[in-house]
Amino acid sequence: MAAVNMNQEMFEKAILGDKPVLVDFWAPWCTYCRRISDAYDRIAQKYEGRILVTKINIDEEPALAQQEGIEIIPTLVLYHKGMTLGSVINPESESAIDEFISGTLSMEQKQKAVHVHDMIIIGGGPGGYTAALYAARSGLDAIVLEKLSAGGQMAQTHQIDNYPGFEDGVDGYELGQKMLRQAQRFGAQTAYAEVTRVDLMAEPKVIETSEGVYYGKAVVIATGAGPRELGVEGEKELVGRGVAYCAACDGMFFKGKTVAVVGGGNSAAADALLLSRIAERVIVIHRRDTLRATKVYHEPLMQAENVEFRWDSVVTALEHEDKLTGVRLKNVKSGEESSLEVDGLFVSVGRKPNTQLFDGQVELTAGGYIAAGEDTRTNIPGVYAVGDVREKQLRQIVTAVADGAVAVHMAEEYLAGK
Ligand SMILES: Cc1cc2nc3c(=O)[nH]c(=O)nc-3n(C[C@H](O)[C@H](O)[C@H](O)COP(=O)(O)OP(=O)(O)OC[C@H]3O[C@@H](n4cnc5c(N)ncnc54)[C@H](O)[C@@H]3O)c2cc1C
C-alpha cells in the first residue's frame, strides 16, 4: 500500500486517532522529495496496520505547512493523539526513515512508562511528612521515599514534651505515624526505599533507590541527621557489642550493668538520666568541667545516686575482647590517663547530617550541612532542604515541620514557572 495523500481536513482528523501518523511534507518541484518517494512507499507497506503513512503537498496546503512550521522539504513528521512526537528533515536513506520511526515510537513508550512526580521527598521524618502534607493539600503529586519508618529521629523517643498541641507530651513514634496518616489523608504516597544515588541537575530529576528509579520535577531533601561517632579505633566493629548511640533503643540491654555516656549536651544528659533508671552505674564522660545541657537536666542528674561524672575527660581507646570491657580516658587538663571498666558505652556527642548522597551536587557547608536559608532553597533550582539536614540554628521537630511547609511554598512557585 502506497502512502496516502491528505488535505488539511483529513490531517486534523487523522492525527487525533489512536494510530500514529507519519506525514511527508513535499512538493512536486522538490527533486529530493521525488527521490525518497519509492522508499517512502516501501515504509508505508512495512508499517501497514501499525502507523498511517501519509503525504501532504505543501503547494496545495500552504496554510497547513505554515501551521506545522515546515520550512524545508522533505520533512517527515510523526504525530500521535494530537501530539507531535518528532520530525526528520531530508532523510538520507530508507533505513534512516525506519530508524526515525522506531526510535521516536520507542521514546514515546519509555516516556509513558516513566511516571514523573511533581515532588519527591527524600526522608520521612517530621520535615519530610510536613512537606508531603502541604504538597498533597496543594494538589501536587508527591511521594515520600523513606528507608525505615515514618517519624525519623523522633520515633526513637517515647516522650516529646515540646511539640505544641500535646499538653501531656506525645510518643515520638506515634507522632510520626500521625504525620504519615495525615499526609496520606490528602493523597501523599510513601514508598519504603533507600535512596542510593541522585541526579538533581537532570530534567526530570532522577532518584535511584533500592526499589527502582523515581523521577520528579522538584525534590525536597529531608534526610535528617544521625549520631556523630567518637572516631576511636574499633568503634564501628564494637557497635552492638557494647558501643551504642541510642539509649532509648539499646538501654535495656544493659539492665543492672555499668555504662558510660560520652557527651555533655541535652541528648547526653537525657541518655544518662534514662540509663540511670536501667543500669546499676552510669558514668558521664565529658571533655569540659560542666554540662552544656539545659538546666532542667542538671538537678536530676546530680541527685541520681548511681550517676558519676568524669569531667575534663575524653575517650582515647576502647578496651575489648569479643565485647567492650572498658575505655581508656585522658584528662585534657592534667594529661593523666586512666582505665574505666564498663559494659556499655553510649556515644552522645552530637549529630551529623545525612548529606553524603548529595555531596558534589548540592552545595554543603564546612560542617557538611546543606547550604540553604530559611527559604529552604539550595543552589539547584527545584531542590529544597528541610529539617536537620539544613544549615540552621535550632534542630528540633518544630523547626523541621516549619521548613517542610516553606519548601512546598517555594516549590509551588518553581513548578508554576516551569
Ligand atoms: C532520641 C531523640 C530524641 C529527640 N527528642 C526531641 C524532642 O523531644 N523535641 C524535639 O523537638 N526534637 C527532638 N529530637 C530532634 C528531632 O527528632 C529532629 O530535630 C527531627 O526529627 C528532625 O526531623 P527531620 O525531618 O529533619 O529528619 P529526621 O527526623 O532525621 O528524618 C530523616 C528521615 O530520612 C530517612 N532517610 C535518611 N537517609 C535516607 C535515604 N538515603 N533514603 C531514604 N530515607 C532516608 C531516615 O530514615 C529518617 O526517617 C530528638 C532526636 C532524638 C534522636
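In this predicted model, I283 has E308 in β16 as its bridge partner. The strand β15, residues 281–285, is joined to β16 by 4 bridges, and the two run parallel. Strands of a sheet pair through backbone hydrogen bonds, either parallel or antiparallel. Here β15 and β16 belong to an open sheet of 5 strands, ordered β13-β20-β14-β15-β16, with parallel pairing. Its edges are β13 (243–244) and β16 (307–310), each of which pairs on one side only.

The domain assignment divides the protein into domain 1 (4–113), domain 2 (116–226 + 352–417) and domain 3 (243–349). Between the C-alpha centres of domain 1 and domain 2 the distance is 46 Å.

Next comes the helix α5. This helix has 12 residues, and from first C-alpha to last it reaches 16 Å, close to the 16 Å expected at 1.5 Å a residue. An α-helix has 3.6 residues a turn, so residues three or four places apart point the same way. Just after the helix, G139 takes a positive phi of about 80°.

Two peptide bonds are cis. One joins I73 and P74, with omega of about 0°; P74 lies in the loop between α3 (62–67) and β4 (75–80). Another joins E203 and P204, with omega of about -5°; the place of P204 is the loop between β9 (195–199) and β10 (205–209).

K81 has a phi of about 50° and sits in the loop between β4 and β5 (83–89). T376 has a phi of about 65° and is found in the loop between β21 (351–353) and β22 (383–385). Is each of these two residues buried or exposed, and why? K81 counts as partly exposed because 13 other C-beta atoms lie within 10 Å, a count between the limits of 12 or fewer for exposed and 20 or more for buried. T376 is buried because it has 29 C-beta neighbours inside 10 Å.

The last stop is E341, in strand β19 (residues 337–341). This residue is exposed because 12 other C-beta atoms lie within 10 Å, and 12 or fewer is the condition for that class. Leaving out residues up to four places away in sequence, E341 touches T258, T325 and G326. From I73, the residue of the cis bond to P74, E341 is 268 residues apart in sequence and 87 Å apart in space, C-alpha to C-alpha.

Technical notes. Residues are numbered from 1 along each chain as its sequence is written. This is a predicted model: local features need pLDDT of at least 70, side-chain atom pairs count only at pLDDT 80 or more; totals for chains, interfaces and linings use all residues. Two residues are in contact if their C-beta atoms, placed from the backbone, lie within 7 Å. Two strands pair if DSSP finds at least two bridges between them. The expected span of a helix is 1.5 Å times one less than its number of residues. Domain bounds come from an automatic or database domain assignment.
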